[in-house]
Structures are given as C-alpha cells and as structure tokens.
There are 2 protein chains.
Amino acid sequence: MARQSLQIELAERPKGSIVPGQTFRQRTVAAPTEADLKDGQLLLESLYLSLDPAMRGWLNDRRSYVPPVGIGEVMRGNAISRVIASKSAKARAGDIVVATIGFREVAILPETLVEPPFPLPPNGKLTDLLGVLGPTGLTAYFGMTRIGQPKPGDSVVVSAAAGATGSVAAQIAKISGARVVGTVGSDEKVRWLKEELGLDEALNYKDPDFKTKFKEATPGYIDVFFDNVGGEQLDMALGRAKKNARFVMCGGISGYNAESPYGLKNISSIIAQRIRMEGFIVFDYIPEYPAARQQLAQWLGEGKIQRKGTVVPGGLAVAEGALSRLFQGANTGKLLVEVKSPDEVSKL
Amino acid sequence: MARQSLQIELAERPKGSIVPGQTFRQRTVAAPTEADLKDGQLLLESLYLSLDPAMRGWLNDRRSYVPPVGIGEVMRGNAISRVIASKSAKARAGDIVVATIGFREVAILPETLVEPPFPLPPNGKLTDLLGVLGPTGLTAYFGMTRIGQPKPGDSVVVSAAAGATGSVAAQIAKISGARVVGTVGSDEKVRWLKEELGLDEALNYKDPDFKTKFKEATPGYIDVFFDNVGGEQLDMALGRAKKNARFVMCGGISGYNAESPYGLKNISSIIAQRIRMEGFIVFDYIPEYPAARQQLAQWLGEGKIQRKGTVVPGGLAVAEGALSRLFQGANTGKLLVEVKSPDEVSKL
C-alpha cells in the first residue's frame, strides 16, 4: 500500500486565539515518492516539528515579513527531517537536516528550503538543531550581539527568558559579562534561570508585586532590553531605560492573540533616554548562519549555554493543540512536536 | 532708580495644559548689575525668548533628559540676548548671543550657559539665531542627518512639518534628494509647505480623509519618519513603514498635555519591518554645533532653506499665554516672544 502523509492546513483565520479543530483542518494524502523527485529536490520525512510564537502572526492577513499562510494551504513550519532520497548536493539520503517542510509528515522540497546537515557538538542532541542551533538560537544570537551589544557590567533584561529564544539571549548576555535579569511566567522557570542558567535575577510576571520587583531588579536602569513579550513588560522596560539603551525588538507574544493591542504609556522615554529600539528578523542574517551556528555549538559544547526543551509526543496530529498551548506559557525552552516516535527516531 | 527685571516662575505643575496666570507666577525683582559680575560671568538682557513644545515636558516631575523646573524657580528657556557687560572671553559687551537666560529680562549667567556670537549669513535675520541656526534647526539637522539619513529617492514623512524643527527637517530631506511629505494642522500650512518649501506633498491632519490621504501619499511606504507629534500619526507611520525604515523620534506634541497617552496599535511593525526607532536630544551633539550651524547658514544663504517665524509682541509678560497657545498649533515656524520692542532692538 502506498505511504500516506498527514498534513495540517489552515481552515480559517483565527480572530484571537488558535482553536484546535477549527483554525486548522487535518488531511491525509498520498505521500510523494522518490519517483516524483526532480533535480534540485529532496524527499523528506519530518521527525520533530518546531512550534513558535511567530506562527500566530503568519495566520493574519496583513503585511508582514513573510506572506500570510493562505486558507487551504499547509501550515508553514520547520522540522528536523530525515532525507529519504535526494537529487541535490545539499544533503544525501539518511542525512538529518532542518527543512521548511511545513505541518506534514512527508514532502518533496526544493533544496532552497533545506539546510545542509550540521555536525552536533559532543554533548549535542538532535533536538538542538531546532533549539540552540536552530532559528530560535540564531534569533537570540543576532538580536543580542548585533542590536543589544551588551558590554561587561551592562544591565540586561530579557523577557520570556525561559523561552527558546529568551533563554539563549539571556545566556549570551551573561557570556558578554552583563548583569542579566529575566522575566518568566512561573516560579519553576524562575528557579531554572537562577539556579541553572546563572542569571542574576529572575522575576515571575504573575507575581502581584512584579512591578515593584522589576524596579528593584533594575536599580541602575536598563542598558539592553531583549523583548519577546511586548505590551506591559515593554512599557515597564521603557520606564526603566537608561540613557542610550538598546531595545531589541524580537517578539511580542503578549499581543499575538489580543484583539485590541496594549497601549504603551512610556513611549516618550525613547526620546528622553535616547533609546534605539530596533526590530529584526533572523532571515536577514542567513549568510551569517554558519559562523553563528559554530559559535553557538562551541558555547553549547563548553557548557556555557544550558537548554531545556519540551517535546510533545503524539505525532503531527497533536501539533495544533500544542501550538495553541504555547501561548499559555506552559513550555520551558524550545517546543517541539515529535512527528515520529523515539523508537523510530533512535534507529536513525 | 535701579533697573527692574520681570521674571516668570513656575507656580504649580500643570495636570494637562498650561493655564496662564495659574501655572506660572510673574515677579519683578531688582535687576543684577555689572557690579555683581564675577569672573567667567556675563550680564545679559533678553531680546527674543524662544518658546518650544519641549518646555511642557520640563514641567513634569519625572525622570527625563533634564531635571524638571522646580516650583518657585524661574522657567527655563533660551533667548537671543544682548551682552550688557562681560567678564568672559566668550562674548563682549554689545554682542548678540543665544543664552539660557530663562524667562527673565536681565540676568547674570555663567559663560557655560552662553553661546559665542555667530555671524549671520547675508540674508540672515537676528531671529534665525533661535530658528534655523538655533536649537530647533540643529535638532532638525542632527535628527535627519544622523538618524534619518535619507538617500536620494527615499520616501520621507515629517510630522508637524510647518513647525520650527519640522520645517527645517523636511527641507534637509529635500536637499538630500528624498521625496518628502509633511503633515500639518491647517490648509494655510499645507500651501506654505508645497508652494514655498517645495515639499512633494503636504496633508492637513484635521482633514476627515487624512488617513486615506496619508496612505495615498506614501504609495511605496516610508523610509524615514521624522516624528514631532507621536500618537495617532506615529501609529499611521508605523503601519506604512518600509523594511528597514528609520524613525527619528524627536517630539510627541500630541501627547504632551494628554492625561492618558494614546496607545500605539502598530508597534509590531517595528519587528516585521525591521524598523530602527531612535530617540535623541540635540544637547548630545554640542561639540558638533559649530560645523552644523555653518552648514545650516550656508543652506540659508543659498536659499535652500526657507523659514517663517511667529514673533509675539508684548514683552515677557505675554510669554506664558503664547506658550499655552503653542500647543494649539497657531504658529508657523519658530515661535518667539519679543522681550524688547523692535525699536529698542533695531538700535542694537
């Protein structure tokens, strides 16, 4: 019997939050085979699918850094994938690569959507390819080193600091010699940041005294704010910015599902404190990925970057539910869906 | 009889708008004399006092780029002043200088608060010292050339483009070869920008179709937004920003008297369009003032920068009323109060 491939397609644009079973539609199609492969293409199967806050933005029909996913189209996404067959010099059958395969089990992709295999450091794990060494780790790297540019002794605050991007950004700031404060959404994450990542301070934004503690944790104001949250936390950081502060605008998860945006009250600090607030998208740095990945792999190998991930079992079918829960802050570190079971993957 | 000097002191911090006769108190004191002068000081009399939107911010008791004016203190301000006597090498008796003399007629200042005399270009007027060649012109110069950096063909939008800073910023962008759109608050100002300053488009924000016209005036989106207004216009510009746009955060007059700030809806464009939004204060460029002023004087002399000012007669006593009207958008270009009458000034 021919192999089947599950795929998850956008059914309707969500108004606020993603509703599993309503926002997306699951469909099983005949999987493509090696016989369908043309020159410059690869046949891949998905192992671990990346779930990212940015995905919510791809569902809105508005001008952004990528076109929105169309109604009826397979949901866009990156996965650690195994090459089944290849007519490209980029990877060979059996290689494990990161590919923009989307929410589907098996697919043929042009080589432009497939990254070359990357050797893991000795303590590396397969899932690091989508974590510290993947788009979220690279996002942290370029945002912190190119825009944030922390100097030894600088006061750095990272929001959503237990997330895939935030946890790497915070550790890069520590490596730079800065004093680093992270904000998170649970006491368990606070402990992880302070005890394992070595951050100088970590604060739970759900704490009723969060505002006071935020102020106390930034006694000399803030040199670098790496923002993954937006809204009220961004506003608080504007109010605590030091002269010539850099605001690395990476994400705004607090607002992604909001129907009406939070109105910043401290925008005038941008002028008074001469803040440079700069947005970026990791794609802009593609030519520099290899060098950045080498650096991240080195730090990972030296134990200077710790990581923790959340791998949701259950196959591609559970991806839409896991994606919707991402916005409730349940996961620590990188969130992946296991498209193939560990038994199958370990055989690779 | 000893000479008297009127001074205007802060009586109370305004909640919203400045209320003449309530926010300030007028007091006449004995004027200092040459006998009071110490080494490094100058005795000055005020001729034209500068009124600026930024003054509203100086009345709030919050952390900013300068300490707030204290209750009971003479209101801070710059004036074109005549040196009565000098014990400083910076200027001599009879020289006309710009000095941070505050809202008073006669004062002794340390030389650090006095700028050296500056030779006017052939077509220059005394009032240019506080206009094109003064802090507002310099603000336009550094903001546009250092942060905005328009290139030939760039699409530039300047808000409050008929103001002292905006009108110079818009013309510097034109000199750079950009396509320039200005926003203003009256049809008369629209005509001035299009017919005399040569802007490519000018829009009245009070026009009921302003939003549509703003969109139509920026068909290829915006490379540089020079903001003097904040609030809704800033939000519209964020929505029309081109990839890698530069937002020069100069002022936010729409919010200075507001008790609750406007909440930006399009802040996420900073990320999606990789916007660099940067605040600045002209004081940061003091070492570069002489070279910038030379450049501005050259453009003024060549007729590449046009200007129009509003000089309010009536002496220092009318300054608080004129300052409160500044926020109603009544003036075009630089707003000054004539502290001494033209007859007296023309004798200088």
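**Strands, bridges and an interface**

Guide: Start with a strand pair: seven bridges join E3(B) to strand E4 (residues 79–86) of chain B, and the two run antiparallel. Keep in mind that this is a predicted model.

Visitor: Which residue of E4(B) is the bridge partner of B:Glu45?

Guide: B:Arg82 is that partner. E4(B) also pairs with strand E5 (residues 96–99) of chain B, again in the antiparallel sense, over four bridges. There, B:Ser81 has B:Val97 in E5(B) as its bridge partner.

Visitor: Is B:Ser81 buried or exposed?

Guide: B:Ser81 lies in strand E4 of chain B. Its relative accessible area is 0%, so B:Ser81 is buried. The cut-off for that label is under 20%.

Visitor: What does B:Ser81 touch, leaving out residues up to four places away in sequence?

Guide: The contacts of B:Ser81 include B:Leu44, B:Glu45, B:Ser46 and B:Leu47. Also among them are B:Asp95, B:Ile96, B:Val97, B:Ala99 and B:Ile101.

Visitor: Which backbone oxygen does the side chain of B:Ser81 reach?

Guide: The backbone oxygen of B:Ala79, at 3.0 Å.

Visitor: Now salt bridges. What is the general idea?

Guide: Side chains of opposite charge can pair when their charged atoms come close. Over all chains, a search of the whole structure finds 40 salt bridges.

Visitor: Which residue meets B:Glu45 in a salt bridge?

Guide: B:Arg3 does, with N to O at 2.8 Å. B:Glu45 lies in strand E3 (residues 41–51) of chain B, while B:Arg3 is in the segment before strand E1 (4–10) of chain B, so the pair ties together parts 42 residues apart in sequence. B:Glu45 is buried, at 2% relative accessible area. B:Arg3 is partly exposed, at 41%.

Visitor: How are A:Arg3, A:Glu45, A:Arg82 and A:Lys340 linked?

Guide: In a network of salt bridges.

Visitor: Where do A:Asp154 and A:Arg246 lie in chain A?

Guide: The side chains of A:Asp154 and A:Arg246 meet in a salt bridge, 3.1 Å from N to O. A:Asp154 sits in the loop between helix H2 (135–148) and strand E7 (155–158) of chain A, and A:Arg246 in strand E11 of chain A. The two are 92 residues apart, so the pair links distant parts of the chain. A:Asp154 counts as buried, at 8% relative accessibility. A:Arg246 counts as buried too, at 9%.

Visitor: And what of B:Lys304 and B:Glu302: which accessibility class does each fall in?

Guide: Their side chains meet in a salt bridge at 3.2 Å, N to O. B:Lys304 is partly exposed, with a relative accessible area of 45%. B:Glu302 is partly exposed as well, at 41% relative accessibility.

Visitor: Next, the interface. How is its size expressed?

Guide: The size of an interface is often given as the accessible area lost when the parts come together. Chain A and chain B bury about 2,700 Å² between them, and 53% of it is on carbon and sulfur atoms. In chain A, the residues that lose the most area to chain B are A:Arg63, A:Ile271 and A:Arg274, together 27% of what that side buries.

Visitor: How many residues does the contact take from each chain?

Guide: 36 residues from chain A and 36 residues from chain B.

Visitor: How many salt bridges and polar contacts cross between the chains?

Guide: Four salt bridges are found across the interface of chain A and chain B. One salt bridge joins the side chains of B:Arg274 and A:Asp284, at 2.7 Å from N to O. Nine residue pairs are in polar contact between chain A and chain B. On the side of chain A that touches chain B, strand E11 (241–249), helix H8 (269–272) and strand E12 (276–279) of chain A each give two or more residues. That side divides into 16 nonpolar, 10 polar and 10 charged residues.

Visitor: Which strand of chain B is joined to E12(A)?

Guide: Strand E12 (residues 276–279) of chain B, through three bridges, running antiparallel. A:Arg276 has B:Glu278 as its bridge partner in E12(B).

Visitor: Last, a helix. How many residues of helix H6 of chain A are buried?

Guide: Seven of its nine residues, so helix H6 (residues 231–239) of chain A is mostly covered. The buried ones are A:Gly231, A:Gln233, A:Leu234, A:Asp235, A:Met236, A:Ala237 and A:Leu238.

Technical notes
Residues numbered from 1 in each chain as written. Chains lettered and ligands numbered in written order. Predicted model: local features only at pLDDT ≥ 70, side-chain atom pairs only at ≥ 80, totals over all residues. Heavy atoms only, no water. Contact = heavy atoms within 4.5 Å. Buried area = accessible area lost by both parts, 1.4 Å probe. Polar contact = N/O pair within 3.5 Å; in protein donor to acceptor, adjacent residues only side chain to side chain. Nonpolar A, V, L, I, M, F, W, Y, C, P; charged D, E, K, R; others polar. Pairing = 2+ DSSP bridges. Buried < 20%, exposed > 50% of the residue type's maximum accessible area, 1.4 Å probe, protein only.
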